[in-house]
Structures are given as C-alpha cells and as structure tokens.
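Trainee: I would like to go through the charged contacts in this structure. Could we begin with the surface exposure of one of the partners?

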Amino acid sequence: ARAREVYEEADDLLGMDLARICWDGPADELTRTENAQPAILLHSHAVWECLPREVRERAVVAAGHSLGEFTAYLAAGSLEFADALRLVRRRGELMGLAGSQRPGTMAAVIGLDAAKVARVCAGVTSGSVVPANLNAPGQIVISGDVPAVEEACAGVLAAGAKRAVPLNVSGAFHSPLMEEARDGLQDALGDVLMDDPVFPVVGNVSARPVTRADAARELLVSQLTSPVRWVECVETMREAGPDLWLEIGPGKILSGLMRRIDRSQTVTAVADPEGLADFLEEYSDA
C-alpha cells in the first residue's frame, strides 16, 4: 500500500503517468534518460519507504552510483521526495540534450586495472575519452566521443583487457561531454531546499563522506563530468563499520560489484516485493 502511494504521488508531481511507463513500458520510452532517471529514483524510494522504521533509523552511511546518489540524499533527509523527483527528471533532460548536442558513448572494460585504462585513454588522439565508472577491480567503464571510445577499446584490448563491451547509452555520461548539462543542473539544485543529511552520504566525485548540504550541491553538479569512484566509495562506507549492507532499488548490480570489491561483506538486495518479504523474514529472525 505504501509503495502504491509513492507511485501515485510521483504521477501527480510530474503530471505524467510514470507508473504506467514503469510497469507496462514500452521499453524504448522507459529507457529514455529523462524517464529512466525518475523511474529508478521512484522505485528505490518506494522500497526504502517500505522498510521498517527501525531499519531506516539504523543507517550510518549511504552512497549511490551516479543517479543513485540523489536517492541516497533523499533517504538521508537532504531532499524532499517532490524535489528529488523533479531534479532527476531535469537531470535526465539535460543529460539527454547534452548527448544529442555532442554525441558520445560508453564501453565497459573487463580485466584491466584502472591505471592502465587511464593511460590508454590519455593516449587516444581521435577525441576525448576518460575512465567514467571505476566500478570494481577489473571493471572500468570509459566514456567519450564515439571514435575516441572505439580507439580506446582497441587500445585496452592490446594492453591485455579481456573484453571491451560497448554500452547502449544515449551519451558520454561522467565525461567532459556532459559539460553542457552543468549550468542547468546547478540552477535546478539552486531552486530547491537541501538540508544537511542525517547520516553521511559518500560522494561519487570525492569518495568521502558528505555531511553538509552546500557540499552536496557542488558534488552533484561535478558528478556530471567526473568519474564515479565506486571502489573508493565502498571502502569509505566500510570505514563506518556497518553491520548490514542493503542495496535498495531495481536490480542487483551493486551487490555483484561488492563481491568483486570485498568478498567478506554480504549485501542484501531489496528490489521487489519478494526481496522485501525475504529481507523482513531474515531481519525478524536475526
């Protein structure tokens, strides 16, 4: 019932049938970045709201990968739901526009360390390409101009990467090609009230705990053109000593990355009603 309320509220706030797109598609409409971003935040927020209050109040630190950083600030009380939803809708629009103005792409590099990937990118001559997502040891996403990414893919394979997999994206996210989106997102963030988070949120850009709203605003803008330092984010969260790790929202990608980063930590993914029911059963037995 609480999840249904959250979805209905989102439809009212955005003036569109986002819930229908989430559940019924069509897929090409859902995957447009201006729809996908609020859809993912909505799903994650609905899951968070369905967790028992005592679980939410136990939170000592949070982080979110790219868009998920907005969800983390929402969970930490920095943003109101209405503001967060409109912000990520606007972020998606701005990123989509930047991607159409300067077309770019991304690719996942598997089996090569971050330093070698960075060296290959620095040597590319056909355009701009940078490491964009430092997801896990041996899993780096690069981002940039289409010919530059293609050149870098050949370069990383020659340098020993196992694979270089093109990604189906609408732009070169977390790269200098997103520069056009910065001013618009800064303006949008300036129009909303942000409070200091009630627990630290580890920033993608800094990989350090953020405890002040003004720092959060700056880092959320910088994030557009900066790499997601996810391995370091996880290491920083680990320093806070959590006794329970939860991945909130669609999918289990971050849980999988944790197995590559630190196998001693177990992440429980709560992505759907079945996952929520399983977690609640385990939590009540603990």
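Mentor: Let us begin with E232, which is partly exposed at 32% relative accessibility. Please keep in mind that this is a predicted model.

Trainee: Which side chain does E232 meet in a salt bridge?

Mentor: The partner is R229, with an N to O distance of 2.7 Å.

Trainee: Is R229 buried or partly exposed?

Mentor: R229 is partly exposed, because its relative accessible area is 24% and the buried class ends under 20%.

Trainee: Stepping back, how many salt bridges does a search of the whole structure find?

Mentor: The search gives ten salt bridges.

Trainee: Which residues are linked in a network of salt bridges?

Mentor: R89, R90 and E93 are joined in such a network. Within this group, R90 and E93 form a salt bridge whose closest N and O atoms are 3.3 Å apart.

Trainee: Where do E93 and R90 lie?

Mentor: Both belong to helix α7, which covers residues 81–101. They are three residues apart, or about one turn of the helix.

Trainee: And what is the relative accessibility of each?

Mentor: E93 has 31% and counts as partly exposed. R90 has 35% and is also classed as partly exposed.

Trainee: A change of topic: what does E179 form with R182?

Mentor: E179 and R182 form a salt bridge, with 3.7 Å between the closest N and O atoms. E179 is partly exposed at 45% relative accessibility, and R182 is partly exposed at 22%.

Terms used: Residues are numbered from 1 along each chain as its sequence is written. This is a predicted model: local features need pLDDT of at least 70, side-chain atom pairs count only at pLDDT 80 or more; totals for chains, interfaces and linings use all residues. Side-chain values use heavy atoms; hydrogens and water are left out. A salt bridge is a side-chain nitrogen of Lys or Arg within 4 Å of a carboxyl oxygen of Asp or Glu. Helices (H or I, at least four residues) and strands (E, at least two) are DSSP runs, numbered from the N terminus. Buried means under 20% relative accessible area, exposed over 50%, partly exposed in between (1.4 Å probe, protein chains only).
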